[in-house]
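Thanks for coming. Please have a look at the model first.

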Amino acid sequence: MARVKLIVTGDDFGYCPRRNQGIVDCFLAGAVSNVSLLVNGSAAADAAELARRYNIPIGLHANLSEGSPVCEVLKTNSSLLNQDGFFHGKMGFRTALSKGLLNMSEELKAQVELFHELTGHLPPHMDGHQHVHVLPEVRHIFAEVLEEYGIKYTRVPIEPGLHKCDWIPPSLMEFYLGVEEDSFNTVDVFTSHGISAITEFMSKAPSPTEPTPQSRTITIELMVHPGYPSVPPVGGCGEGPDDFSQSWERLHELQTLTNPELQSHYKTRSIQLCSFKDL
């Protein structure tokens with residue numbers, strides 16, 4: 001049987017106190033092994049303090065699509081923002097990109113610097129909120145920033161078995177397939193900048209009978225979003241918590257990840273939970 005190293009990353013750390021607490025509870029239960037920080041989240045400072053207190057491995061969840069920028073220069077005049085002064089949103093960001101290149105390098109660097117200020121160190125890994133970092137208009141700039149700061153790891157969301165997930169609504173499947181295509185075309189870009197991309201990735205439930213490649217060590221990242229659902233008006237990245245963060249699904253993920261049966265499954269399959277800093 002292949003040796004499997006599994007990085008279970010709790011995304012959106014810093015979004016709100018309830019999401020923070022849920023992610024910490026998962027870490028303390030051995031269900032999450034790594035977190036990704038939204039530095040423009042309303043509870044980012046609290047999240048950084050929790051990571052220090054509990055020695056939680058932490059990286060940067062770069063955000064160009066939700067809430068407010070952290071770069072002061074961009075808060076008054078930037079193509080990254082809509083008329084209300086917020087990022088364009090998950091799909092709005094993609095629409096804005098199609099209309100012309102957005103000035104994003106300054107914001108990415110500002111988020112790395114703020115991460116350093118909050119945590120006391122540079123992020124060992126950096127990915128993009130809502131997978132914006134693999135978009136054709138973003139990937140080269142993103143890679144250049146990672147190389148400049150010596151950040152060695154990123155996420156490339158290529159999901160084995162995605163095409164078999166017939167329970168995903170067609171509109172969402174179209175989005176996921178677009179992310180997959182962009183991800184395949186991103187690997188060489190990151191590699192050329194000396195960045196290691198974890199290309200074994202999961203955000204959907206894998207089949208328990210799905211075969212694992214034999215006679216080698218593979219590293220897989222499982223992206224998760226556990227937490228106690230946000231309660232408005234607390235939370236968010238400047239606009240209050242969104243429906244995703246308020247959803248019962250955040251608690252469902254927490255309960256699933258901390259289920260003893262899943263922990264037993266890891267042990268039975270000799271799956272070792274780790275973080276990016278362990279690689």
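Let me start with Y153 and F276, which are both buried, meaning under 20% relative accessible area with a 1.4 Å probe and protein chains only, where exposed is over 50% and partly exposed is in between. Before going on, the ground rules: this is a predicted model, local features need pLDDT of at least 70, side-chain atom pairs count only at pLDDT 80 or more, and totals for chains, interfaces and linings use all residues. Residues are numbered from 1 along each chain as its sequence is written, and side-chain values use heavy atoms, with hydrogens and water left out.

Now the aromatic rings. A search of the whole structure gives three aromatic pairs. Rings of Phe, Tyr and Trp (its six-membered ring) pair if their centres lie within 6.5 Å; planes under 30 degrees apart are stacked, over 60 edge-to-face, and the rest tilted. One of the pairs is F142 with F190, edge-to-face, at 6.2 Å centre to centre and 70° between the planes. F142 sits in helix α5 (residues 139–149) and F190 in helix α7 (residues 187–192), 48 residues apart. Helices here are DSSP runs of H or I with at least four residues, strands are runs of E with at least two, and both are numbered from the N terminus. F142 is buried at 1% relative accessible area, and F190 is buried at 0%.

Back to Y153 and F276: their ring centres are 5.8 Å apart and their planes at 45°, so this pair is tilted. Y153 is in strand β5 (residues 153–155), while F276 is in the segment after β9 (271–274), 123 residues away.

Next, the cysteines. C237 and C274 are both buried, each at 3% relative accessibility.

Last, helix α2 (residues 44–54). Its buried residues are A44, A47, A48, L50 and A51. After α2 comes N55, with a positive phi near 55°.
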